[in-house]
Amino acid sequence: METPAVILLSGGLDSTTVLAIAKHRGYVPYALSFRYGQRHAVELASARRVAAAHGVARHVVADIDLRVFGGSSLTTDIDVPKHASVAELSDDDIPSTYVPARNTIFLSFALAYAETVGAQDIFIGVNALDYSGYPDCRPEYIAAFQAMANLATKAGVEGSAMTIHTPLITKTKADIVRLGLDLGVDYSLTSSCYDPDDAGRPCGRCDSCLLRLKGFAEAGHPDPLVYQAA
């Protein structure tokens, strides 16, 4: 019997690894991505490539416009913060790349998708170690959302409990890279940058790029992406 699961797929390193994990565990993946008003479409192109490469059952790209609220350098004209090294990143301050309530919005859409395809499992690539200080990547947030999901859905009320899977939440970026490579992930299909150029090349200096590069370096494997010139 096939077991469906909804995978939140941004096209980045983490979500692509999570998709590979779900498939490895025997789930039939239904991918969900978002056109949410982000300043570039590179990640959606990556998500489509990744979904095709992994043979998902269906890939939905949902349209929501978070630009109407603003509040993030990913959805407004605020400059994306750049740094010289990972050492400059701080977990004390929530950076401007935080999109207000984004994971709550995305997981809510994933709940609706899951109910329509008969899935009781949702996978999301949140990480509480090598991350940029986002409050909606913490284990306590995921636990609270799962509890809410089982109160708020027809499936939950009828006894088909939803489970939010976070297989990367306690892993370092290096752990994630090694795991993905072991599962045959092609990271050249992915995009992690918050501020790519017009050709889609990552900047190499935003939080996400620095954490990605740190992960590949510590895993002892070269990042297959071509970065912008320094």
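Let me start with the aromatic pairs, which come to seven under this rule: rings of Phe, Tyr and Trp (its six-membered ring) pair if their centres lie within 6.5 Å, and planes under 30 degrees apart count as stacked, over 60 as edge-to-face and the rest as tilted. This is a predicted model, in which local features need pLDDT of at least 70, side-chain atom pairs count only at pLDDT 80 or more, and totals for chains, interfaces and linings use all residues. Residues are numbered from 1 along each chain as its sequence is written, and side-chain values use heavy atoms, with hydrogens and water left out.

Tyr30 sits in strand β2 (residues 27-35) and Tyr113 in helix α3, 83 residues apart. Helices (H or I, at least four residues) and strands (E, at least two) are DSSP runs, numbered from the N terminus. Tyr30 and Tyr113 are both buried, where buried means under 20% relative accessible area, exposed over 50%, and partly exposed in between (1.4 Å probe, protein chains only).

Next, Phe34 and Phe109. Their ring centres are 5.4 Å apart with planes at 80 degrees, so they too form an edge-to-face pair. Because Phe34 is in strand β2 and Phe109 in helix α3, the pair ties together parts 75 residues apart in sequence. Buried or partly exposed? Phe34 is buried, at 5% relative accessible area, while Phe109 is partly exposed at 33%. Ring pairs also join Phe34, Tyr36, Phe106 and Phe109 into a cluster.

Now helix α3 itself, residues 102-117. Its axis and that of helix α4 (residues 139-152) come within 12 Å and cross at roughly 35 degrees; axes are lines fitted to C-alpha atoms, for helices over the stretch in contact, and angles run from 0 to 180 degrees between N-to-C directions. Asn103, Thr104, Leu107, Ser108 and Leu111 of α3 meet Tyr141, Ile142, Phe145 and Ala149 of α4, contact meaning heavy atoms within 4.5 Å.

Last, helix α7, residues 207-219. Its 13 residues should span 18 Å at 1.5 Å a residue, and the end C-alpha atoms are 18 Å apart, which agrees; the expected span is 1.5 Å times one less than the number of residues. Buried residues in α7 include Cys209, Leu210, Leu211 and Phe216. Among the elements covering the buried residues of α7 are α1 (13-24) and α6 (173-182). After α7 comes Gly220, with a positive phi near 70 degrees.
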